[in-house]
Amino acid sequence: MERIRACLVAMAVATLCGVAQVRSSSSDHRYKAGDDVPLYANKVGPYHNPSETYRYFDFPFCSSAPVKEKNEALGEVLNGDRLVSAPYKLEFLTEKDAEIACKRKLTKKEVAKFRTAILKDYYFQMYYDDLPIWGFLGKVDKEGKADPSDYRYYLFKHLIFEIHHNKDRVIEVTVRSDPNALVDLTEDEPVDVDFMYTVKWKETNTPFEKRMDKYSLSSSLPHHLEIHWFSIINSCVTVLLLTGFLATILMRVLKNDFIKYAHDDESADDQEESGWKYIHGDVFRYPKRKSLFAAALGCGTQLFTLTIFIFILALVGVFYPYNRGALFTALVIIYALTSGIAGYTSASFYGQLEGENWVRNLLLTGSLFCGPLFVTFCFLNTVAIAYKATAALPFGTIVVILLIWALVTSPLLVVGGIAGKNKKEEFQAPCRTAKYPREIPPLPWYRKTLPQMAMAGFLPFSAIYIELYYIFASVWGHRIYTIYSILFIVFIILLIVTAFVTVALTYFQLAAEDHEWWWRSFLCGGSTGLFIYEYCLYYYIARSDMSGFMQTAFFFGYMACICYGFFLMLGAIGFRASLLFVRHIYRSIKMIALRTITYIYILQSFIIRILCWELGTGN
């Protein structure tokens, strides 16, 4: 077993190294006057559709030199980055004024393509010494024109680069378009375009280590921080109120139950137990479809571990703004390395539930989350290929992902499953399970599964909905999100509220003598994921300007996978909290019962001794 683990770890390290080597060797970012500083053109796309991006030279730009593609890491490709050498040459400390980069005669078809792009607010993105720069392709003149057919469409042909340097390092770069250098593309006629550029250099005292700070300042502005702190205060108030409510209600009710149970010895033979005590022989009866339940628990535990690792990397500063593809690389690698946790958790819990077909359980664990994700990816990748967008993954990248899955994810899943199977730990049930299940009494509609899920998901969602807007605006927009510490606090609050709400609903379910709480606690805990998906619909309609089939498919498709992941993760948290609670209350009842039996035995022994003593004295 140890040899297998060592081989798999070595395999994982080799895979990581292989992925890391995809990135081309980076320089130390030090230059001398006249040195070539790398300028890469990345992608072009509509401003309001962040997933719908195209290669820079898919549009009729020109270049005076052969176009060279930059080698990119796995995360960069997953992010839709396709860097190529730009047509502009920006040598270090070399200023230029209205220099012609290249010339091109646009055909009618190319003019129409540019005009459509300008109408949809297409922008371009470039990287200069790994610093991002953006600009729009052109503008639409609507001033004084009520009829859209009278609009004038202009292409920007002159870019002005302003670069700040600190000695031998590039610190900041911005680009703007010359409003006086325009090409009229309103008519479907061939047009000659001279693409020009100007370069201006300025010196600054900003150190190289802080050159990325300006990109994160937007999310740290005072009015934004006030909203974030308001979100945290709102969440904390929710937690305090919920905690106080549960502590007051549950503890008082449980205390009364315990006192009544402890002082009800004399009439124990004449009265039947009621409420949650009545079903002590059924509460630990194993759930239906226990293989699926164990697989869901394993996947949820893996996703929770993945989230914790991502937060750790974010808090130590790995995901700084425009660290291209770092998040996607981390997600792929950490998910692959944590698959052993899913296998171990699922197989060990399945063994506790006396399951026998552990191979089927492992297959179910491996496909429960990856299966829907793979199907969604295949559909969306096909859409991206049809659109010829950069979101379509190249064949080589798909092969790399499949190799990671085959050489890292699957072996670690099997190893974890074998370790969990060999653990052979019995399920710790304080009460003995009866041979035949009790019949569940008729329940009112609000105690059914769907109403309970609605109540369970609303409170956790209300604790995070303010922060959700900023996350959506970052993932599906151009806003920068860097306040990971606040996001981590909100995540902890989400976990606490989910656990408390699930425990409360589990108690009310048991009090109604409904002993099928296993799946209910998981579904109630994960129901927040359904609320998040409902928020997706609201965000798409009311808070964004996304449009088109591809962007809509990408938004709802990948958000469905993310919300499904939240469902599994929070469902596992809800079930674990409910399991601890149920074990605790029934263990307490068992201790009270044992204590009562002990008292009765002592009392009986004392009475027998007195009788024997009196009989002995009478003789």
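Me: In this chain, what share of the contacts with a separation of 6 or more comes from residues 24 or more positions apart?
Reply: In this predicted model, residues 24 or more positions apart account for 81% of the contacts in the protein chain that have a separation of 6 or more.

Me: OK, and how many helices and strands are there?
Reply: The secondary structure of the protein chain comes to 16 helices, together with 12 strands.

Me: What about burial, how much of the chain is buried?
Reply: The protein chain has 619 residues, and buried residues make up 48% of them. As for the surface, the protein chain exposes about 31,600 Å², with carbon and sulfur atoms supplying 62% of that area.

Me: Switching to rings, how many aromatic pairs are there?
Reply: The count comes to 57 aromatic pairs. One of them is formed by Y56 and F57, whose rings are 5.1 Å apart centre to centre, with 85° between the planes.

Me: Why does that pair count as edge-to-face?
Reply: The planes of Y56 and F57 are 85° apart, and the pair is edge-to-face because planes over 60 degrees apart are classed that way.

Me: And Y56, buried or exposed?
Reply: Y56 has a relative accessible area of 2%, so it counts as buried, the cut-off being under 20%.

Me: Which charged residue lies over the face of Y469?
Reply: That is R543, which lies at 4.3 Å from the ring centre of Y469. Elsewhere, the charged end of K70 sits over the ring of Y40, 6.0 Å from its centre.

Terms used:
Residues are numbered from 1 along each chain as its sequence is written. This is a predicted model: local features need pLDDT of at least 70, side-chain atom pairs count only at pLDDT 80 or more; totals for chains, interfaces and linings use all residues. Side-chain values use heavy atoms; hydrogens and water are left out. Helices (H or I, at least four residues) and strands (E, at least two) are DSSP runs, numbered from the N terminus. Buried means under 20% relative accessible area, exposed over 50%, partly exposed in between (1.4 Å probe, protein chains only). Contact means heavy atoms within 4.5 Å. Accessible areas come from the Shrake-Rupley method with a 1.4 Å probe; for residues, only the protein chains shown count as cover. Rings of Phe, Tyr and Trp (its six-membered ring) pair if their centres lie within 6.5 Å; planes under 30 degrees apart count as stacked, over 60 as edge-to-face and the rest as tilted. A charge sits over a ring if NZ of Lys or CZ of Arg is within 6 Å of the ring centre and within 35 degrees of the ring normal.
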